[in-house]
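Biologist: I have a structure open that is new to me, and I would like to learn how to read its features one by one. Could we go through it together?

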Amino acid sequence: MTTTATISSNCPECDAPVSFDRPPLNGQIAHCPDCSAELEVTSREPLTLELAPEVEEDWGE
Ligand SMILES: [Zn+2]
């Protein structure tokens, strides 16, 4: 049995798998590849993601 070091958890918004190249830090912000939700790592063991608080951010379109 081969264990790949893929670290992933599911997006709390759309349930899509969100994977990390390296172990994320507590409080690290990640983005869902599916719905682009901003996610915060709230736990590392097990890896838990929660929606990050909405921040007014202007992407300057
Ligand atoms: Zn999502």
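Biologist: Is Leu39 buried or exposed, and how does one decide?

Modeller: In this predicted model, one counts the other C-beta atoms within 10 Å of a residue's own, and 20 or more make the residue buried. Leu39 has 24 such atoms within 10 Å, so Leu39 is buried. Its place is in strand E4.

Biologist: Which residues does Leu39 contact, once neighbours within four places in sequence are left aside?

Modeller: The contacts of Leu39 include Cys11, Val18 and Cys32, and also Ile29, Leu49 and Ala52.

Biologist: Which residues make up the largest nonpolar core?

Modeller: The general idea is that in soluble globular proteins, nonpolar side chains tend to be buried together. In this structure the largest nonpolar core has six residues in all, namely Cys11, Val18, Cys32, Leu39, Val41 and Leu49. Cys11, when residues up to four places away in sequence are not counted, touches Val18, Cys32, Leu39 and Leu49, and among its other contacts are Asp34 and Cys35.

Biologist: How many of the residues count as buried, taken over the whole chain?

Modeller: Of the 61 residues of the chain, 10% count as buried. The C-alpha trace spans about 45 × 20 × 20 Å along its principal axes, and among contacts between residues at least 6 apart in sequence, 19% join residues at least 24 apart.

Biologist: What secondary structure does the chain have?

Modeller: The chain comes to zero helices and five strands, so that reading from the N terminus on gives the order β-β-β-β-β.

Biologist: How are the strands E3, E4 and E5 arranged?

Modeller: As a general point, strands of a sheet pair through backbone hydrogen bonds, either parallel or antiparallel. Here an open sheet of three strands has the order E3-E4-E5, with antiparallel pairing. Strand E3, residues 29–31, and strand E5, residues 47–51, stand at the edges with a single partner strand each, and therefore one side of each is left without a neighbour in the sheet. Neighbouring strands of this sheet are turned by 45 degrees against each other on average, direction ignored.

Biologist: How many bridges join E4 and E5, and what links the two strands?

Modeller: Strand E4, which covers residues 38–44, pairs with E5 in the antiparallel sense over five bridges. Within this pairing Glu40 has Glu50 as its bridge partner, and Arg44 stands opposite Leu47. A hairpin joins the two strands through two residues. Glu45 has its place in the loop between E4 and E5, and Pro46 is found in that loop too.

Biologist: In what sense do E1 and E2 pair?

Modeller: Strand E1, residues 7–10, and strand E2, residues 17–20, pair in the antiparallel sense over four bridges, and Ser8 stands opposite Ser19 in E2. The two strands form a hairpin with six residues between them, and Asp15 lies in the turn.

Biologist: What is the phi angle of Asp15, and is the residue buried or exposed?

Modeller: Asp15 has a positive phi of about 70 degrees although it is not a glycine. With 11 other C-beta atoms within 10 Å, Asp15 is exposed. Ser36, in the loop between E3 and E4, likewise is not a glycine and has a positive phi, of about 65 degrees. Ser36 counts as exposed, with 11 C-beta neighbours inside 10 Å.

How values were computed. Residues are numbered from 1 along each chain as its sequence is written. This is a predicted model: local features need pLDDT of at least 70, side-chain atom pairs count only at pLDDT 80 or more; totals for chains, interfaces and linings use all residues. Two strands pair if DSSP finds at least two bridges between them. Axes are lines fitted to C-alpha atoms, for helices over the stretch in contact, and angles run from 0 to 180 degrees between N-to-C directions. A residue is buried if 20 or more other C-beta atoms lie within 10 Å of its own, exposed if 12 or fewer, and partly exposed in between; C-beta atoms are placed from the backbone. Two residues are in contact if their C-beta atoms, placed from the backbone, lie within 7 Å. A nonpolar core is a set of buried Ala, Val, Leu, Ile, Met, Phe, Trp, Tyr and Cys residues joined through C-beta atoms within 7 Å.
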